[in-house]
Amino acid sequence: MEPEREPQFWGGPGEVSPDLECAICFSQFNNVFRTPKMLQCQHTFCLECLARMNVKSSQPDTIRCPLCRGLTPLPNLGLPKLDNNPAILSYLPEAMQRVYSIRFNRNKGRLLVKRPTEVHGLPPLCTVSQSLDVGLPSDHAARGQSQGNALMHMSSKPLCRAFIMVSVVLSMVLLTCTIIFIISRK
């Protein structure tokens with residue numbers, strides 16, 4: 001396990017600049033899926049990491065800060081409506097000062113870029129991926145599917161793995177028997 005990182009600040013004497021990377025994934029913040037979102041405890045993480053945490057959480061209406069363990073209730077319109085950290089956004093390049101409008105669909109585990117209106121001076125949307133898979137909720141099968149589909153969904157992968165394992169073991173036994181037979185004939 002890596003030691004906990006302290007926030008980094010740089011600049012000239014008397015000048016304090018925020019850390020421009022997420023403390024979870026260590027990726028640089030941007031204005032799309034890695035937008036710097038601020039929790040009530042004032043700790044900041046990228047939207048993507050918060051979405052991945054929320055998808056696996058048993059409490060979908062709150063986010064627990066990974067640093068101080070404080071709880072932040074999510075706004076009515078969801079995770080993307082958490083406050084952006086304006087201090088971090090101000091250090092991003094000018095073209096990244098405006099944040100794209102993002103939707104979060106927890107049931108499907110996806111962050112989606114809403115169709116933005118054309119804004120002069122911003123890069124076109126075609127340079128930005130329009131969706132990002134952050135994983136399915138842990139309770140997805142039980143909540144989002146009928147009982148029969150959920151049973152089939154949960155058992156299909158283990159059955160497939162079991163079939164492969166049995167096939168491999170039988171092949172090895174057959175190969176071993178063949179080798180023993182060949183050696184004993186000589």
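I looked for a nonpolar surface patch and found one of about 430 Å², made by Phe163, Ile164, Val168 and Met172. Nonpolar side chains are joined within 5 Å. Areas come from the Shrake-Rupley method with a 1.4 Å probe.

I note that this is a predicted model, where local features need pLDDT of at least 70 and side-chain atom pairs count only at pLDDT 80 or more, while totals use all residues. Numbering starts from 1 along each chain, and side-chain values use heavy atoms, without hydrogens and water.

Next I checked Met172. Met172 lies in helix H4 (residues 147-185). Is Met172 buried or exposed? Met172 is exposed, at 55% relative accessible area. Exposed means over 50%, buried under 20%, partly exposed in between.

Then I counted elements. The chain has four helices and seven strands, taken as DSSP runs (helices H or I, at least four residues; strands E, at least two).

I followed strand S5 (residues 102-105). Ile102 and Phe104 point to one face and are buried.

What does S5 pair with? Four bridges join S5 to the antiparallel strand S6 (residues 110-113); pairing takes at least two DSSP bridges. Ile102 stands opposite Val113. Four residues separate the strands of this hairpin, and Gly109 in the turn has a positive phi of about 65 degrees.

Technical notes. Buried means under 20% relative accessible area, exposed over 50%, partly exposed in between (1.4 Å probe, protein chains only). Patches are made of residues with over 30% relative accessible area and no salt bridge: like charges are joined within 9 Å, nonpolar side chains (Val, Leu, Ile, Met, Phe, Trp, Tyr) within 5 Å. A salt bridge is a side-chain nitrogen of Lys or Arg within 4 Å of a carboxyl oxygen of Asp or Glu.
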